[in-house]
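Subject: Structure for your review

Hello,

The structure we discussed is below. My notes on what turned up in it follow.

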Amino acid sequence: VKSTLKTAVRKLHDAAKAGGTGAKDMLPSVYKALDQAAAKGVIHPNKASRSKARLNAMVKSAAGK
């Protein structure tokens, strides 16, 4: 679960750096991975929430450039 989560987040980071349009489409799947990891106790629920907020801000700023 942790490996899958890290891979999803890394791909989102790469997509945001590349342009931002693809990153916006990837957000729901990364959110789902974060929520599943939190539900299984792999990460703390607050960390999942914080990560989602930071990723959303990153994608928004990348799309605005």
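Which side chains meet in a salt bridge? Before the reply, please note that this is a predicted model. The pair is Asp35 and Lys52, with an N to O distance of 2.9 Å. Asp35 belongs to helix α2, residues 21-39, and Lys52 to helix α3, so this contact ties together parts that are 17 residues apart in sequence. The count of salt bridges comes to one.

Next, the surface charge. Lys2, Lys6, Arg10, Lys47, Arg50 and Arg54 form a positive patch. Two helices, α1 (2-18) and α3 (45-64), each supply at least two residues of that patch. Lys6, for instance, sits in helix α1.

Then the pockets. The largest pocket has a volume of about 240 Å³. Its lining consists of Lys2, Leu5, Lys6, Val9, Leu34, Ile43, Lys47, Ser51, Arg54 and Leu55. Helices α1 and α3 each contribute at least two residues to this lining.

The patch and the pocket share residues: Lys2, Lys6, Lys47 and Arg54 are listed among the members of the positive patch and also among the residues that line the largest pocket. Arg10 and Arg50 are part of the patch.

Regards

How values were computed:
Residues numbered from 1 in each chain as written. Predicted model: local features only at pLDDT ≥ 70, side-chain atom pairs only at ≥ 80, totals over all residues. Heavy atoms only, no water. Patch = residues over 30% accessible without salt bridge, like charges linked within 9 Å, V, L, I, M, F, W, Y side chains within 5 Å. Areas by Shrake-Rupley, 256 points an atom, 1.4 Å probe, with all protein chains shown as cover. Salt bridge = Lys/Arg side-chain N within 4 Å of Asp/Glu carboxyl O. Lys, Arg positive; Asp, Glu negative; His and termini not counted. Charge placed at Lys NZ, Arg CZ, Asp CG, Glu CD. Helix = DSSP H or I, 4+ residues; strand = E, 2+ residues; numbered from the N terminus. 1 Å grid on protein atoms, 1.4 Å probe; cavity = no way out; pocket = protein on both sides within 12 Å on 5 of 7 lines; lining within 4 Å. Points joined across faces, edges and corners; volume = space filled by probe spheres on them.
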